[in-house]
Structure formats: C-alpha cells, structure tokens
Amino acid sequence: MHFRDLDESQLLALAITSEEEDGRIYRDFAEELRTSYPATADLFTRMADEESDHRHRLLDLYQKRFGEHVPLIRRQDVEGFNIRRPSWLAASLRPEKAREEAALMEQDARRFYETAASQCGDVAVRQLLGDLANEELKHEAAAESVNAEQTETGAVEQEQETARRKFVLGIIQPGLAGLMDGSVSTLAPLFAAAFATGNTGETFKVGLAASVGAGISMGFAEALSDDGKISGRGRPLLRGAVCGLMTSLGGIGHTLPYLIGNFHVATSVAICVVVVELIIISWIRYRYMDTPFLSASFQVIVGGILVFLAGWLIGAG
C-alpha cells in the first residue's frame, strides 16, 4: 500500500508500530554504548522513554476510536515511507554518529506526523498527530540541549577520547602492525629473488606469494591472540581482517613494480615505493601513537634498510 492511501486507523496503527520500533532502537543503542559511552547511553534512554509515552497516547486514542485490535502495519509495508536502519548497526557506530542517527530519526518522525496529520479528516486523530509532530520538533531541540549540557560537563569530550582510543586499539594498531610487517618483512625475499634471478616475472611471483602468505599469517595471529574482552581492543575478527589486509597491501605495494619488464626500472620503482611506505608508516606512528616523527622515521627507515641489505646480500651472494 502507498502512504497516501492509508486511512485514519491505518495511520494510527503505523504510528504505533513506528514508535515501538524507534523506542527499541534507542534502547538497543543505549545498551550497546552504555559501558564505554554512558552519556550517550543516557541520552538514548531518555529518548526511548519519550517514544514509549507517544506509543501509549496513540494506543489510547486508537482503542477509543477503532477498538482493541491494532493491525500490524510496519514501515516496510508502506510505499513511500522511510525505513529505519537495523539497530545492530549500533555496534559499529561511534557516539557522535549515533547521536546524528538519532537526530535523523527524530526529523523523519516529525515529517511523518506532519504528513499524516495533513491527510486526516478525523479531528481527534489529526490533533494528536499534529501534537506529536510538535513534540518531535521539541525532542530535536531537547537532544541538542542535552548534548550542550553534556559537552559543558566534559562527558562528550571524555567519550570522544574513549572512541579515539578504541579506534586506535581496534583499527590503527593492528593495521599499523600489518603494514609494518608487510612493508618490511617482505623486502628480504623480494629483493633476494630480484638480485638472484634478475627476472621481473619470477620476482613478482615471489613478492606476491610472500605478501599473501604474510597477510594470512598476520591476520590469524592478530585474531587469535586476543579476544578483546579484557584488553578492550575490539572484535578479534575485525582486527584480524584489518591486520591481514594491511600486511598484504604493504607487501604488494613494492611487488607491483616488478610487473614492469625492465629489471633496473622495476627495481628503482620498487625502492621508491618502499621509501613512500616507510614515510607513511612513520606518519601513522606520529599521528596516532604520539611518537615524534623524526624518531619514528629513524626507527622504521633503519629497520627497512637492514632488511633490504639482507635481501640484497643474500640474493647477490
């Protein structure tokens, strides 16, 4: 059915299920975020309580006007109606994104009530839907007020620091470990094969095998080393995937130049790629690990040079 074809009873039934769904989404958000982000969880709990109040008012009017049975009409049953994102996505939402999602939900609800009220002929139904539209507008302002209040108390800043820490532990750290391993550890077999064979095709195969193998190994090692429950480093499968992909990417970067047929050109380009990779690694350590850039560069570049020399000596020997 299309939204414009709904009568008063169907609009009320849709509003009832929508308020119930929104309330459950807010409570799911609150439970998911409560441990690490209590201020945002408190905001969602308040919003869920308000949705529950709206639902009871809608139910009371429906029972008075149309009886006890409320047909199940959901958002996905109505053409031209916004569909909510599933609440399990809260597991991947940062607190600021969760607040933005809630603001969008409130705006959608307000527009729904305004449109529904405009097509109702029943005075009582029209009045309630219009009142709820105004209240949704007030909710948006109230949420902004709570955000401002929590910002003043430092709760939001504390949550932002917690989110940053979780991002560093769950994404940056395993990704950096993988990129360092892929960029550095594959240098020796790659350049050993290059200087031993002088064949770009064979060197590419060795580099590709080393990169993929290292990615698989590092991915499993990261995923199985820590379940994240005590350390707070996040989901092991995600960390393992990030680590494995970045490991392979780090190795493939300086392997791809060996698709060039000329050995000297390919090797020169590969060395330039290695330099860029080491600079990127140094910048990431400086940006997220609070390591001085010169110190990070010195440590990474020295390690890379030593591994490169090892590969060159073994391959040329």
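How far apart are R57 and D53 in helix α2? These two residues are four positions apart, which separates them by about one helical turn. The close-ups below start from this pair.

The model shown is predicted, so local features need pLDDT of at least 70 and side-chain atom pairs count only at pLDDT 80 or more, while totals for chains, interfaces and linings use all residues. Residues are numbered from 1 along each chain as its sequence is written, and side-chain values use heavy atoms, with hydrogens and water left out.

**View 1. R57 and D53 meet in a salt bridge.** The term salt bridge is used for a side-chain nitrogen of Lys or Arg within 4 Å of a carboxyl oxygen of Asp or Glu. Here the closest N and O atoms are 3.8 Å apart. R57 is partly exposed, at 26% relative accessible area, and D53 is also partly exposed, at 39%. For these labels, buried means under 20% relative accessible area, exposed means over 50%, and partly exposed lies in between (1.4 Å probe, protein chains only).

View 2. D108 is buried, with 19% relative accessible area, whereas R111 is partly exposed at 39%.

**View 3. The side chains of E114 and R110 also form a salt bridge.** The N to O distance is 3.7 Å. Both residues belong to helix α3 and sit four residues apart, about one turn of the helix. E114 is partly exposed, at 40% relative accessibility, while R110 counts as buried at 18%. Across the whole structure, a search finds eight salt bridges.

**View 4. Y26 and F44 form a stacked aromatic pair.** Rings of Phe, Tyr and Trp (its six-membered ring) pair if their centres lie within 6.5 Å; planes under 30 degrees apart count as stacked, over 60 as edge-to-face and the rest as tilted. For Y26 and F44, the centres are 6.0 Å apart, with 15 degrees between the planes. This pair links distant parts of the chain, with Y26 in helix α1 and F44 in helix α2, 18 residues apart. Y26 and F44 are both buried. Together with F29, they form one aromatic cluster.

**View 5. Y62 and F66 make a tilted aromatic pair.** Y62 is buried at 4% relative accessibility, but F66 is partly exposed at 35%. A search of the whole structure finds six aromatic pairs.

**View 6. The largest nonpolar core has 24 residues.** A nonpolar core is a set of buried Ala, Val, Leu, Ile, Met, Phe, Trp, Tyr and Cys residues joined through side-chain atoms within 4.5 Å. F3, L12, L14, L58, F112, Y113 and L129 touch the most other members. Helices α1 (8–33), α2 (38–66), α3 (95–118) and α4 (123–153) each supply at least two residues of this core, and α1 gives the most, with six. Apart from this core lies another, of 14 residues, including Y26, F29, A41 and A102.
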